[in-house]
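Thanks for coming. I have a few minutes on one chain, and I will keep to what can be computed from it.

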Amino acid sequence: MQALSDEAPLALFESVHAETAVASGDVTLAVKTWGDPGHPPVVLVHGYPDSSEVWHAVAPILARRHYVIAYDVRGAGLSSVPTRTSDYRLEKLTDDFVAVIDALCPGRAVHLIAHDWGSIQSWAFVTEPRLAGRIASFTSCSGPCLDHVGYWLRERVLHPTPASLAKLGGQLARSWYVYLFHLPFVPELAWRLWLGRAWPKVLRRIEKTTLEPRATQADDGAHGVRLYRANFIRSIFAPRERHAHAPVQVIVPLNDRYVSPALSEDLSRWVPHYYRRTVAARHWLPIADPARFAGLAQELIDAVETGDEPPALANARRRHTSGRFCGKVAVVTGAGSGIGRCAALAFAREGATVVAVDIDAASAERTALLARLVGANAHARRVDVGAADEMEALARWVETDLGGADVVINNAGIGMAGGILDTSAAHWERILHVNLWGVIHGSRLFAKQMAARGIGGHIVNTASAAAFGPSRDLPAYASTKAAVLMLSECMRAELADHGIGVTAVCPGFAETGIMASTQYAGASAQDEARLRKRATKLYQMRGLKPEAVAQAMIDGVLRNRPVVAIGTEAHALRFVGRFLPWLGRAIARVSMASH
């Protein structure tokens, strides 16, 4: 076959493919190929109730650079249909895969890409000792290893916690169809009577996915239930230890109705080189967005072929850890001290790659060093958050070098006290520059990146208890923090459609050191020093540690909470502002600076 360049039109690859047949024991497999046989081979394995036609949009994209092979699994499409349930066991499916690669690319390592039940059986391939060296990489989507699921279920039953039981219940509910498929005759009858004809409409209504009708659909559905009957019970209740001998990338559609994201959270115990990629998508990603699916698979293939991991893939590498943000990138502004430093370290302990951002380069580097000491990847960047060009450069760097941010904490802020009559235009410009414009830049730039990536994310904006009520002593500070609170609420409403959460964190008198640098408008240098000392002592007596605020940020992200008030005084001010505004106005008239 004539070689085709990477620049050739996609339509040319769609039209240039060959069909052949491969014998596997007493079964004949229908096989299709695209691209130049001299290029690195890629094998596509479809799921249930699909045939190799599910790959007709993905294969031409990959064929520009690869020799792409897709085959109808036994019982599907134009391949043979064994009549015994035992003929659908994973051992037989492994033999089929070996027959295909031995016939079309003998002696060569292949890149394996699979979806749904194709992924389930492909886990058997990539953990089969006799195939070591024949599989260069494996990209899996929406199909776990049944043996790994067996261990996953066992651990949650033997060591129950509220969180683990919730995940267990969620997956058991998602698996309703598995129970149905073990009933005799009922699934086959449903496919024959109506589901075979109605399947494209069902997918369109439930999955929002368009699928062309095909002549073998009813047969594929009826025959394929034997895959479940032959393998599920024996694998899940008597699981075997299966360790992968090739790099594995798991693409996790967050809106998958059938496979819980929890099943792939900690596969690094079974996979030495494990990558986990979350996408805001439904179950049939290869049909719904073939370009994105092919692009993710191509990243792993390129990394294996060249030895160079792209940033997004490097950050998706998962180690054997229980960190809830493992594989995620967290950007923290104002990370040189106080709440920002504690937040950076809290996310680092949870497995995140941390970007410590501060206007003081030395302080940012110190935070990054502390994050590395707890085992995290960490970077330090010197940035003035109120400067649009510097924040744009930061966002570009995070996107280019780290693959984009998953969590952004707009925390940088300064303190300012003094009445409106004493607060100059320069004072206002200074505090607006950091407290408000810094949040605006961090929010708009990274939210745009998150929306473009399509995999969700979370933005945390540090406001203050001062946002809940007025104060004659804090007009500038309270105004900026109230603006941050309202901005967060507006963003939350807009970004929910993109799967992006927004949380406003409103701490009370946290012991952060901010009072030691607060500027007192209208005060002499001597009075300012006295007021700073008194305020710092008051905050120290209160005892609200920045570590507590950082943990509240973690909780706010995990629970997607809109507003997190921290400390008794913050809850009190929020209550007064909401239900007793007259009391809040009376309290606001009391000047703390004159006492």
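First, the ground rules. This is a predicted model, in which local features need pLDDT of at least 70 and side-chain atom pairs count only at pLDDT 80 or more, while totals for chains, interfaces and linings use all residues. Residues are numbered from 1 along each chain as its sequence is written, and side-chain values use heavy atoms, with hydrogens and water left out. Helices (H or I, at least four residues) and strands (E, at least two) are DSSP runs, numbered from the N terminus.

Start with strand E15, residues 457-462. Five of its six residues are buried, so E15 is largely enclosed by the rest of the structure. Buried here means under 20% relative accessible area, exposed means over 50%, and partly exposed is in between, with a 1.4 Å probe and protein chains only.

Which strands does E15 pair with? Pairing requires that DSSP finds at least two bridges between two strands. Strand E13, residues 407-410, runs parallel to E15 and is joined to it by four bridges; Val407 stands opposite His458 there. Strand E16, residues 500-507, is also parallel to E15, with six bridges, and Gly457 faces Ile500 across that pairing. From E15 the chain passes through helix H17, residues 475-495, to E16, in a right-handed β-α-β crossover. Right-handed means that, with the strands pointing away from the viewer, the path from the first strand over the helix to the second runs clockwise.

Next, helix H19, residues 546-559. H19 has 14 residues and reaches 20 Å from first C-alpha to last, close to the 20 Å expected; the expected span is 1.5 Å times one less than the number of residues. Its buried residues include Pro546, Val549, Met553 and Val557. As a reminder, an α-helix has 3.6 residues a turn, so residues three or four places apart point the same way. What do the buried residues of H19 pack against? They pack against helix H13 (338-349), E13, E15, E16 and strand E18 (563-566), where contact means heavy atoms within 4.5 Å. After H19 comes Asn560, with a positive phi near 50 degrees.

Now the salt bridges. The structure holds 27, each defined as a side-chain nitrogen of Lys or Arg within 4 Å of a carboxyl oxygen of Asp or Glu. Glu188 and Arg229 form one, at 2.7 Å, N to O. Glu188 lies in helix H8 (residues 186-207) and Arg229 in helix H9, so this pair ties together parts 41 residues apart in sequence. Arg229 is partly exposed, at 24% relative accessibility.

Another joins Glu91 and Arg240, at 4.0 Å, N to O. Glu91 is in helix H3 (residues 90-104) and Arg240 is in the loop between H9 (217-237) and strand E7 (248-253), 149 residues apart. Arg372 and Glu365 also meet, at 3.0 Å, N to O. Through shared partners, Glu91, Asp147, Arg234, Arg240 and Arg242 are joined into one network.

Last, the cysteines. How many disulfides are there? With a disulfide taken as a pair of cysteine sulfur atoms within 2.5 Å, the count is zero. For Cys342, the closest cysteine sulfur is in Cys506, 18 Å away, too far for a bond. For Cys506, it is in Cys490, at 14 Å, again too far for a bond. Cys342 is buried at 13% relative accessible area, and Cys506 is buried at 0%.
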